[in-house]
Amino acid sequence: MDPIRLQSLLSTIWVVWFFVLFLGMLWYVMRPSKKQHFASLADIPLRDEAEPASRSRRAPGPERESGRATFGRST
């Protein structure tokens, strides 16, 4: 197979692959079961800045002292 024909075949396959990928993403987003999830994400810019600390999703991590991490070292 000559390089020009191979390039033509690969570019066709590439377009078909991206079309299938786009349809897959569209199906994922438009499912009725995801409506609540994406509606809550759409409201993020409209939320108040001050949220209660109990709703914070920050994962607990190592304690920090003066900008330095203390990874289990006793001082």
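Q: What percentage of the 75 residues in the chain is buried?
A: This is a predicted model, where local features need pLDDT of at least 70, side-chain atom pairs count only at pLDDT 80 or more, and totals for chains, interfaces and linings use all residues. Residues are numbered from 1 along each chain as its sequence is written, and side-chain values use heavy atoms, with hydrogens and water left out. Buried means under 20% relative accessible area, exposed over 50%, and partly exposed in between (1.4 Å probe, protein chains only). Of the 75 residues in the chain, the buried share is 1%.

Q: In what order do the elements of the chain run from the N terminus on?
A: Helices (H or I, at least four residues) and strands (E, at least two) are DSSP runs, numbered from the N terminus. Read from the N terminus on, their order is α-α-β-β.

Q: Which element of the chain has the highest mean pLDDT?
A: pLDDT is the predictor's confidence in each residue, from 0 to 100. The chain averages 80, and 65% of the residues score at least 70. Strand E1 (residues 64-65) has the lowest mean, 52, while the highest, 94, belongs to H1.

Q: How many aromatic pairs does a search of the whole structure find?
A: Rings of Phe, Tyr and Trp (its six-membered ring) pair if their centres lie within 6.5 Å; planes under 30 degrees apart count as stacked, over 60 as edge-to-face and the rest as tilted. Searching the whole structure gives a total of two.

Q: What is the angle between the planes of tryptophan 14 and phenylalanine 18?
A: These two residues are four apart in helix H1 (residues 3-30), so about one helical turn separates them. Tryptophan 14 is exposed at 54%, and phenylalanine 18 is partly exposed at 42%. Their rings pair edge-to-face, 4.9 Å centre to centre, with the planes at 75°.
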